[in-house]
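Hi,

Here is the structure I said I would pass on. Have a look first, then read my notes below.

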Protein chains: 2
Amino acid sequence: MELTADEIDIGTRSPTVLLNSIDASELGVHPLDRIRIRHDGRVTTGIVEVTDELVDPGSLGVTRPLGHITGAVEVSIAPRPDSVAYLMKKLDDVELEMGELDAVVRDINNDRLNDVELSAFVSAVYTHGLSREETMCLTNAMVDVGETIEWNRDLVVDKHSIGGVAGNRVTPIVVAIVAAAGLTIPKTSSRAVTSAAGTADTMEVFCDVDFSVTEIKSIVGETNGCVVWGGAVNLSPVDDKIIRAETPLSLDPPGQVIASVLSKKKSAGATNVVIDIPYGEGAKVESLSEAREMAEDFSHVGTNLGMEIDCTITRGEQPIGRGIGPTLEARDVLSVLEGSGPPDLRVKSERLAQVLLDAASLDETAVDIVESGRAAAKFREIVAAQNGDPDVAVEDLEPGAHDSTVLAGRSGVITHVDNRHVNELARRAGAPKDHRAGVRLEHRVGDEVQEGDPLLTVYAEKEEKLDQALSFATQRKPVRVLPPDEALIEQM
Amino acid sequence: MELTADEIDIGTRSPTVLLNSIDASELGVHPLDRIRIRHDGRVTTGIVEVTDELVDPGSLGVTRPLGHITGAVEVSIAPRPDSVAYLMKKLDDVELEMGELDAVVRDINNDRLNDVELSAFVSAVYTHGLSREETMCLTNAMVDVGETIEWNRDLVVDKHSIGGVAGNRVTPIVVAIVAAAGLTIPKTSSRAVTSAAGTADTMEVFCDVDFSVTEIKSIVGETNGCVVWGGAVNLSPVDDKIIRAETPLSLDPPGQVIASVLSKKKSAGATNVVIDIPYGEGAKVESLSEAREMAEDFSHVGTNLGMEIDCTITRGEQPIGRGIGPTLEARDVLSVLEGSGPPDLRVKSERLAQVLLDAASLDETAVDIVESGRAAAKFREIVAAQNGDPDVAVEDLEPGAHDSTVLAGRSGVITHVDNRHVNELARRAGAPKDHRAGVRLEHRVGDEVQEGDPLLTVYAEKEEKLDQALSFATQRKPVRVLPPDEALIEQM
């Protein structure tokens, strides 16, 4: 069928094409089917949506991911990709082979799978798990379809945290320490999806984070390190697409997490990686035994990809640091680098950095590098290389002008500081969009408080968001205080 | 956040709302998240898509399913529905309770689940199956959210085939026979989704099929029976929504099939139902033991819903009847009713009808009702009641003007007539959109043919579709002929 293609913007997710229902019926295609579009001597696949009005008969509405297609095109029904059969096979709990996982990854990369199919793959991986062999094949396939960075150095270190812990902004500190020690650490980080801040959001408080691979090579060439947004570079693009299907379901199957993390590290050219696996109630990994299993799988798959992986299992049942939200976390980061700051954040950052220093057989210690001021100097150097102000001071990083402090309603012991509720509280206040919105925690679990003592302060850029956040805080009580004699009892 | 709602037609699937990326970021919502829309004192949930261009900041693009929302609205982020937690539980292989399945069905009915979530539910049901208890709860929940028809009669019969067999247009014949015997049979049927014709498409060759519940009651009141399109009435609407997620994956888990069929039958007011379960290579049910298991589950769940279910297990490895495609199947139907027609179609229809006659303890036989001409007369009466021409003759039902016959390339025995390939061949020729397009088969498995004998004829309304179909026939050989001495050997 010959149609005239015209761009139409209906959202940004998949390479959808809109057909008038008359043409769809004529072609025999239904919503979510695929059509082949022949244009300028090339063939592109599009996923069909059907409309009665927005697109006239004879026209093909092409969405932005297919925006290069214009003018006269020839369309025909496309066969279902082979990878749909493979994901069905996985749903039947049959282990997939290398070539099959390759096909799935290639089709995800080329947007040949629709949301229903992508979700079925994610569901199958979640429900039946991935064997180590499958995880390895999947990781390799994910590396193969993306860009990779070559460093021409024997040692390139990297760091990743499994996430789920509010605050926990260790990355800029770790990067500053190991780069100060002379190691190469090209760190790409994510923005928040469901949390109050990603490392990229926090780093953006100091400087730019959106750089090309060439720019990253230049920054790292100059300073040994960087903290940039991974979304701007095409490292393991399939990972981003899989995450789109995982997010609505809050699914994060372990094999998928390993493939996701290691494909990005391999693509970034890392040789030695420290992985932070926080565990505990409310963290992504709930028990120590699960954390240990994941650590073993990480090492096994990493070794097969030619990387050395050191896993650090950490306590994840409460936030790390005092600030939650980009600016408040940035304050913590800078404070730690300058020798003060929240002790939990400082100790955790130093420990993770030490693993990388040890992996490189360096004699110096992370603690010395921080105490000597070399980490802070290196951090300012990186900030400058990323177009930020190297002379920034903690006082410059002002949280939102609207604030309110939540007080303890009784005297007792802090028994819970809930990661999810603290995150949600900071999001209600406007984070991560409003950089200066967020939460400052006054206590950690185990602290004693008196009635009327401050528990946390909420900051917002907009007054109505402060109100929304406070009403959430009243309902959910993200920081729980129990009388001392009840603090040990979880549930009666 | 206050926005101005404006209708926008981007396709017809789900209650999607389009937000400008600036507003989405301000609200903290991502694609596929849900927002609450407060309008005219009511609250409606919409699924978010994000756009940079199609919708301006401050506007809310509402798609057709939400078309009633216009003007000033107040939007806020909506919590994830509880049913998402339940479908995740099912993905973890935990049996769901009645209240949980109720919530899932209600949320599907209200379009609160996005495609990713719907697919995860379908995948979970497929991979872990449904217990009888779950199937019963699901069926009840599906009946509860839809319309039901009351008949005020002791006996209301119905018929369903599991599908997957090309041709197989027994329904109009069964309806004519049992209605002629005085039984009430309000039959709702589907249109083709992936096949070359649904019963509704074939019936449409004779008359209208699109009627309201009131009209159906009037037609059945007059003639005892009807054959109408189920999509026009709101019986078990959730079923249609679940099928949308099953289709791209070709998933049809047995528990879901049972819930789907019985919820529609219960809603239509049936008391006695005959279920045709075709089995065999290439059919939906591959083995006799699977067919038997399904038959038991049907009876068990049906009994619990207060219906009497008789399952007939039939051979499904090849098409039934000669014609594939609406007009060609309509010819077969009318021929059988007039005493000739393909013997396999006649015998199968009479047997299924006989089960219903026996269930009603009637003395007459289906064979007699056909031979006496009473079935044909009743069929013409129903056609007239559905606004068709009661005097239609087989010769009036002309297939497409462009045709070509595929000949046997060698002498031998017909070993395969492949349901899927025959279906696909008829679809390439234009069916079901082009009613007169399709395939006429000249043989059944086991027939001997000489080189040059006709195997099948392809009919099309448009010449280029005939060419496309013939090129498919050459590649896939839907009818396979092997030399007699090789006919027994499937694969070496």
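In chain A, 79% of the contacts with a separation of 6 or more are between residues 24 or more positions apart; two residues are in contact if their C-beta atoms, placed from the backbone, lie within 7 Å. Keep in mind that this is a predicted model: local features need pLDDT of at least 70, side-chain atom pairs count only at pLDDT 80 or more, and totals for chains, interfaces and linings use all residues. Residues are numbered from 1 along each chain as its sequence is written, while chains are lettered from A and ligands numbered from 1 in the order in which they are written.

Chain A has 17 helices and 18 strands (DSSP runs numbered from the N terminus: H or I of at least four residues for helices, E of at least two for strands). Of its 492 residues, 57% are buried, i.e. 20 or more other C-beta atoms, placed from the backbone, lie within 10 Å of the residue's own. The C-alpha trace of chain A spans about 75 × 55 × 45 Å along its principal axes.

In H4(B), 13 of the 14 residues are buried. Gly129(B) comes after the helix, with a positive phi near 70°.

As for the pair, a rotation of 180° with 0.1 Å of shift along its axis puts chain A on chain B, RMSD 0.1 Å (least squares on C-alpha atoms of residues with pLDDT of at least 70 in both). The two copies are therefore related as by a two-fold rotation axis.

Cheers

Technical notes: Buried ≥ 20, exposed ≤ 12 C-beta atoms within 10 Å, placed from the backbone.
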